Amino acid sequence: MNTLFCKYLTKHKLASNILAKMTSIHAANITEIHDIPMNVLIRPFIPEVDEKKVSSLMKSLSDPLDAVNVPPIDVLWITGEQGGNYYYSFGGCHRYTAAKRLNLPTIKAKLVKSTINDLRCYLGSSTPHLK
């Protein structure tokens, strides 16, 4: 969704309804959005990004009026065997990269409560032992 269109929707109070629907199948029923510290996110794969998209998102995230139009990323929240919390992020590569380049302390995210078996679907035999 381009920035101009988002500004148009915001003026017409439709943006929040449309952005609430812009989500993955995992987070479709999750409405709560959190500010997740960037330094707790685990991203096991190096993202391949389109620099134009990252630049556009950096511009949007730098403008408080525009930043509200950037959809949250999905974060898998996994509790380890001994109660440790682990936050894995696989999608949202452009949003994550833009936030990281801007040195933002947090990123908007939907927490998807998951299990180690869910994580194994992403990482296979490379799945770590989580404490």
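Select Glu32 first. In this predicted model, Glu32 is exposed, because its relative accessible area is 51% and the cut-off for exposed is over 50%. Its place in the chain is the loop between α2 (15-21) and β1 (34-37).

Now show what surrounds Glu32. Beyond neighbours within four places in sequence, Glu32 is in contact with Ala109 and Lys110. Between Glu32 and Leu111 lie 79 residues in sequence, yet their C-alpha atoms are 8.0 Å apart in space.

Next, follow Ala109 into the sheet. Ala109 belongs to β5 and is the bridge partner of Ile73. Select residues 73-79 and 106-114 together. These are strands β3 and β5, paired in the parallel sense over six bridges.

Widen the view to the sheet. Five strands form an open sheet in the order β1-β5-β3-β4-β2, and the pairing is mixed. Which strands stand at the edges? They are β1 and β2 (41-42); each has a single partner strand, so one side of each lacks a neighbour in the sheet.

Then select residues 116-123. This is helix α6, which packs on the sheet and touches β3, β4 (85-88) and β5. The direction of α6 makes about 125° with that of β3.

Finish by colouring by pLDDT. The chain average is 87, and 82% of the residues score at least 70. Zoom to residues 8-15, where the pLDDT is below 50. Beyond near neighbours in sequence, this stretch has eight contacts in the model.

Terms used. Residues numbered from 1 in each chain as written. Predicted model: local features only at pLDDT ≥ 70, side-chain atom pairs only at ≥ 80, totals over all residues. Heavy atoms only, no water. Helix = DSSP H or I, 4+ residues; strand = E, 2+ residues; numbered from the N terminus. Buried < 20%, exposed > 50% of the residue type's maximum accessible area, 1.4 Å probe, protein only. Contact = heavy atoms within 4.5 Å. pLDDT = per-residue confidence, 0-100. Pairing = 2+ DSSP bridges. Axes fitted to C-alpha atoms, helices over the stretch in contact; angles between N-to-C directions.
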